[in-house]
Amino acid sequence: MSSGSHAGRPKSWVAVTIIFIGFAVGGVALVLGPNWPMFWGGSAVVLIGCVIAWAVDIMSDVVVDEPRQ
């Protein structure tokens, strides 16, 4: 049974960090021109991060609390 923490596991945070880096690279690419090869590279990094998130079962970090009265 979970302790009710919303912190997540370290491997889940690694996946989120990879996704964030890809998103940031894609955003910078759009500001710089747009620079389409850089944008698609950032998109590929996001996709890789999503695959890692699926592999580490990131959704098992979700904690459903009891309804508040």
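**View 1. Whole chain, surface and secondary structure.** The chain exposes about 5400 Å², of which carbon and sulfur atoms supply 73% (Shrake-Rupley method, 1.4 Å probe). This is a predicted model, in which local features need pLDDT of at least 70 and side-chain atom pairs count only at pLDDT 80 or more, while totals for chains, interfaces and linings use all residues. Residues are numbered from 1 along each chain as its sequence is written, and side-chain values use heavy atoms, with hydrogens and water left out. The secondary structure comes to 2 helices and 0 strands (DSSP runs numbered from the N terminus: helices, H or I, at least four residues; strands, E, at least two). Of the 69 residues, 17% are buried (under 20% relative accessible area; exposed is over 50%, partly exposed in between; 1.4 Å probe, protein chains only).

View 2. Leaving aside residues up to four places away in sequence, Ser12 touches Val56, Ile58 and Asp61 (contact: heavy atoms within 4.5 Å). The C-alpha atoms of Ser12 and Ser60 lie 9.6 Å apart, although 48 residues separate them along the chain.

**View 3. Aromatic cluster of Trp36, Phe39 and Trp40**. The structure holds 2 aromatic pairs. Trp36 and Phe39 have ring centres 5.5 Å apart and planes at 85°, so they pair edge-to-face (centres within 6.5 Å for Phe, Tyr and the six-membered ring of Trp; planes over 60 degrees apart are edge-to-face, under 30 stacked, the rest tilted). Phe39 is buried at 19% relative accessible area. The rings of Phe39 and Trp40 are also edge-to-face, with centres 5.0 Å apart and planes at 75°. Trp40 is exposed at 56% relative accessibility.
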